[in-house]
Amino acid sequence: MDKKGLFISFEGVEGAGKTTLIKKLVGFFTDKKQDIFLTREPGGSELGKKLRAIILNAEEKIYPSAELFLFLADRAQHVEECIKPALKAGKIVLCDRFIDSTLAYQGYGRGMDIEQLIMLNTLATNGLEPDLTLLLDLPPQMGLERAKTRNIAQNLTIDEGRFEAEALQFHQKIREGFLTLAKQKKRFFVINAEQNAEEVFYIVKQHIEKSFKFE
Ligand code: T5A
């Protein structure tokens, strides 16, 4: 594929502030007259929306290997149906979670073999990787608290999803997993997400302006 756009993924533990940051970046890129494609995993494609409802339903008994393949099916469809066409059209793709979530959650969290997961990710994406991965890092307890407060404020009846209901230790492994990945790949930029949302946005904006040129 001749890729023309820019692909940015957002990663972090639950409630790290990805959605909040993405909303601010939409304004930033719109001011720069850039075409944006906003998406997320799981659930970016039409098929993915159905898969998301299954995957995140805490009532559904899903074995770890089945969970993995649901995320991979979501990703394979998402890349072909949504991400590749958007990049080909020269858009800036802002994707809430991507390949690194599988490595962090199913790999470091659930204990699946990282090398095998890398191979499966490659199969699902045909080797497509983000140009930039913004990792919002904070203690998982803080992220879970934020997510809980948000859910209460928005009157969401279910305040714990499949992953939010996991023990704190699970989320700690995920945080450490993300930080390990960030040391291995140059495309990562790690931000201290304990800061307020405006500070996080400012740091990210500066990094993007330094790293990429917009006409
Ligand atoms: N998953 C996903 C896998 O296991 N494997 C995979 O391969 C993939 C792709 C997806 C779940 O699936 C797992 C990971 C996830 O558990 P989801 O519903 O999409 O689940 O949930 P998350 O991606 O975790 O998103 P959240 O909505 O929980 O968190 P966000 O988007 O990071 O947080 P956000 O922006 O909504 O912020 C949470 C609250 O905090 C406030 C916000 O206003 C909001 O109320 N906030 C801040 N408060 C103070 N300071 C800041 N800097 C703040 N930033 C935001």
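I started with Ile-118, which lies in helix α5, residues 114-125. Helices here are DSSP runs of H or I with at least four residues, numbered from the N terminus.

I noted how the model was made and counted: it is predicted, local features need pLDDT of at least 70, side-chain atom pairs count only at pLDDT 80 or more, and totals for chains, interfaces and linings use all residues. Residues are numbered from 1 along each chain as its sequence is written, and side-chain values use heavy atoms, without hydrogens and water.

Is Ile-118 buried, partly exposed or exposed? Ile-118 counts as partly exposed because its relative accessibility is 36%. Buried means under 20% and exposed over 50%, with partly exposed in between (1.4 Å probe, protein chains only).

Next I turned to the ligand. There are 26 residues around it, and Glu-14, Thr-19, Thr-20, Thr-102 and Arg-150 come nearest. A residue is near if one of its heavy atoms lies within 4 Å.

Which helices supply at least two shell residues each? I found α1 (18-31), α3 (64-88), α4 (99-109) and α6 (140-153). The largest share, four residues, comes from α4.

I then looked up distances to ligand oxygen atoms. A polar side-chain atom of Thr-19 lies 2.4 Å from one. For a side-chain N or O atom of Arg-75, the distance is 3.0 Å. A polar contact is a pair of N or O atoms within 3.5 Å.

Definitions and conventions:
A polar contact is a pair of N or O atoms within 3.5 Å; within protein, one must be able to donate a hydrogen and the other to accept it, and residues adjacent in sequence count only if both atoms are side-chain atoms.
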